[in-house]
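Reader: I've got a sequence and a model open on my screen. Can you walk me through them?

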Amino acid sequence: MRSVGDRGDLEAFQLEIRRLAREHGLEVVDVRLEPARRPRARRSD
């Protein structure tokens with residue numbers, strides 16, 4: 001999954017993934033946050 005955001009946004013996203021997994025009886029064993037190989041252009045909606 002790819003996402004754009006600052007470090008705080010991505011850490012919150014990681015915590016939410018873990019929370020949702022726990023809520024549904026799953027265990028997340030690894031979440032990796034890595035910089036994109038090349039920055040994506042931001043959408044202007």
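Author: What follows is a run of questions and answers, starting with the ground rules. This is a predicted model, in which local features need pLDDT of at least 70, side-chain atom pairs count only at pLDDT 80 or more, and totals for chains, interfaces and linings use all residues. Residues are numbered from 1 along each chain as its sequence is written, and side-chain values use heavy atoms, with hydrogens and water left out.

Reader: How many helices and strands does the protein have?

Author: Helices (H or I, at least four residues) and strands (E, at least two) are taken as DSSP runs, numbered from the N terminus. On that basis the protein comes out with one helix and zero strands.

Reader: What percentage of the residues count as buried?

Author: Here buried means under 20% relative accessible area, exposed means over 50%, and partly exposed is in between (1.4 Å probe, protein chains only). Accessible areas come from the Shrake-Rupley method with a 1.4 Å probe, and for residues only the protein chains shown count as cover. The protein exposes about 4800 Å², with carbon and sulfur atoms supplying 48% of it. Of its 45 residues, the buried share is 7%.

Reader: How far apart are the end C-alpha atoms of H1?

Author: The expected span of a helix is 1.5 Å times one less than its number of residues. H1 covers residues 7-23, and its 17 residues should therefore span 24 Å. The model agrees, as the end C-alpha atoms are apart by 24 Å.

Reader: Which residue caps the N-terminal end of H1?

Author: Look for a polar contact, which is a pair of N or O atoms within 3.5 Å; within protein, one must be able to donate a hydrogen and the other to accept it, and residues adjacent in sequence count only if both atoms are side-chain atoms. In this cap, a side-chain oxygen lies 3.1 Å from the backbone nitrogen of Gly 8. That oxygen belongs to Asp 6.

Reader: Is Gln 14 buried or exposed?

Author: Gln 14 sits in helix H1. Contact means heavy atoms within 4.5 Å, and Gln 14 makes contact with Val 31 and Leu 33 once neighbours within four places in sequence are left aside. Its relative accessibility is 19%, so Gln 14 counts as buried.

Reader: Which residues does Arg 18 touch, not counting those up to four places away in sequence?

Author: Arg 18 is another residue of helix H1, and at 27% relative accessible area it is partly exposed. Its C-alpha atom is separated by 8.7 Å from that of Val 31, 13 residues apart along the chain. With residues up to four places away set aside, Arg 18 touches Val 28 and Val 31.

Reader: How many salt bridges are there?

Author: A salt bridge is a side-chain nitrogen of Lys or Arg within 4 Å of a carboxyl oxygen of Asp or Glu. By this rule, the count is three.

Reader: Which residue forms a salt bridge with Arg 7?

Author: Arg 7 lies in helix H1 and is exposed, with a relative accessible area of 67%. With the closest N and O atoms 3.0 Å apart, the partner is Glu 11.

Reader: How far is the C-alpha atom of Glu 11 from that of Leu 33?

Author: Glu 11 is found in helix H1 and is partly exposed at 35% relative accessibility. For Arg 7 and Leu 33, 26 residues apart along the chain, the C-alpha separation is 9.2 Å. For Glu 11 and Leu 33, 22 residues apart along the chain, it is 8.4 Å.

Reader: Which residues are linked in a network of salt bridges?

Author: Glu 16 pairs with Arg 19, the closest N and O atoms being 2.7 Å apart, and these two are three residues apart in helix H1, so about one helical turn separates them. Glu 23 also forms a salt bridge with Arg 19, at 2.8 Å between the closest N and O atoms. Glu 16 is partly exposed at 33% relative accessible area, and Arg 19 is partly exposed at 33%. The linked residues are Glu 16, Arg 19 and Glu 23.
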